[in-house]
Amino acid sequence: MKKIKNKQHILLIAAGILLVFIIVFIFTINLKKEDTIKVGLILTGNSTDEGWNGMHYQGVSSACEELGVELIVKENVSEGTGQCEIAIDELVKEDVGMIILSSYSYPTEVQDTIQKYPQISFYGISAEYSADNMTSYFGRMYQARYLAGIVAGMKTENNVIGYVAAMPNSEVNRGINAFTLGVKSVNPDAEVNVIWTNEWEDEEKESDAVDILINEAGADVVTYHQNQHYVAQKADEAGVYSIGYNAVAQGLSEKYLTAAVWDWNALYYQIIREFLQGKGNAVERHWFSLDTGVVALSEYSDYVEEEIIQKIELSKLEMTEGNQIFSGVIYDNNGTLRCGEGESISDEILLKKMDWFVDGVVIYGE
């Protein structure tokens with residue numbers, strides 16, 4: 001009888017220990033769930049596309065995975081429609097600590113919403129608006145654009161280069177100007193003809209613009225600032241040289257010379273890690289230079305001669321040694337002096353007030 005009681009006693013103790021273990025386990029799991037850091041990402045399109053949105057998703061997703069952070073994505077959030085504010089409200093309800101606004105217009109249109117959530121760390125791409133909890137981030141893509149301009153300037157035979165551009169804002173204008181300065185550095189006689197689509201992505205408008213630039217303006221090299229690679233594809237069909245943007249376009253001929261590309265994983269790793277270290281919004285803006293690997297030129301086609309590559313490498317070296325693209329004597333395309341000898345244009349102007357074009361830029365049709 002005594003043995004039976006001892007056995008029951010042991011079983012009760014074991015059951016108690018098991019119960020305690022279960023409670024502790026459940027508590028630990030819940031604690032981990034509550035302690036999980038969450039990052040929100042807002043996209044204008046699909047996370048699976050092969051252009052701008054897909055690249056950002058892949059970059060943020062990879063960085064979050066490396067850093068052990070949960071990612072929550074809001075897709076197809078159109079600019080200027082009020083949808084971005086709704087997406088932010090939804091992300092806040094899901095307990096995110098950081099929200100990445102991956103399209104140019106988002107930060108400006110949701111200023112009031114950003115101020116409404118001072119506990120959230122916001123990061124806005126190429127943003128002209130900043131706040132205590134809002135940091136602008138971008139790469140100095142204009143440096144890669146300048147190098148791409150060298151390629152275009154040395155390859156053109158007609159001295160007419162086409163540029164299909166989304167819309168005239170500081171980000172796009174800055175790229176056009178840097179590209180043109182690169183062109184003019186090796187070919188003072190060349191000009192860059194720009195056609196606006198007023199859309200980040202529109203295959204029909206972009207294709208029509210390429211037709212006009214090639215067949216009417218006489219461009220024998222084209223480039224673009226658009227989300228997708230429609231311009232390069234159309235140029236390739238026409239047998240004309242092209243220079244890409246965002247990422248390397250696939251399936252094109254050797255007439256696709258190179259591309260000004262991003263490494264979004266490298267960029268997002270740095271800003272998400274900054275947030276995790278408790279340094280979110282410690283600075284007003286991040287501009288990652290060519291030497292960080294965030295921006296670069298892709299591999300060259302066989303049509304890019306060694307002479308061009310050597311010129312590019314020399315320009316890269318000059319940049320790393322402190323040579324600024326927007327420095328020295330620069331006139332705009334109306335003949336006004338914008339930068340003098342021994343001067344340079346500040347980041348503030350480059351980021352927020354690039355509302356003019358350098359000499360050599362022609363807005364086609366004006």
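Trp262 stands opposite Val295 in β12, and three bridges join β10 to strand β12 (residues 295–297) in an antiparallel arrangement, where two strands are taken to pair if DSSP finds at least two bridges between them. The model is a predicted one, in which local features need pLDDT of at least 70 and side-chain atom pairs count only at pLDDT 80 or more, while totals for chains, interfaces and linings use all residues. Residues are numbered from 1 along each chain as its sequence is written, and side-chain values use heavy atoms, with hydrogens and water left out.

Strand β10 (residues 256–262) is mostly covered, with seven of its seven residues buried, buried meaning under 20% relative accessible area, exposed over 50% and partly exposed in between, with a 1.4 Å probe and protein chains only. Five bridges join β10 to strand β9 (residues 241–246), and these two run parallel; the bridge partner of Asn246 in β10 is Val261. Helices (H or I, at least four residues) and strands (E, at least two) are DSSP runs numbered from the N terminus.

Six strands form an open sheet in the order β2-β1-β3-β4-β5-β11, with parallel pairing. Since β2 (70–74) and β11 (285–288) stand at the edges, each with a single partner strand, one side of each is left without a neighbour in the sheet. Neighbouring strands of this sheet are turned by 20 degrees against each other on average, direction ignored. Strand β5 (residues 134–139) pairs with β11 in the parallel sense over four bridges, and Tyr137 has His286 as its bridge partner in β11.

Helix α10 (residues 264–276) lies across β1, β3, β4, β5 and β11, running at about 155 degrees to β5, where axes are lines fitted to C-alpha atoms, for helices over the stretch in contact, and angles run from 0 to 180 degrees between N-to-C directions. Contact means heavy atoms within 4.5 Å. Helix α3 (residues 83–93) lies across β1 (38–42), β2, β3 (98–101) and β4 (121–125), and runs at about 165 degrees to β1.

In helix α8, Glu206, Ser207, Ala209, Val210, Leu213 and Ile214 are buried. They cover an arc of only 160 degrees around the axis, which puts them on the same side of α8, the arc being that of the directions from the helix axis to the C-beta atoms. On the other side of α8, Glu204 and Asn215 are exposed. The buried residues of α8 pack against β6 (160–165), β7 (191–196), β8 (221–225) and α9 (230–237).
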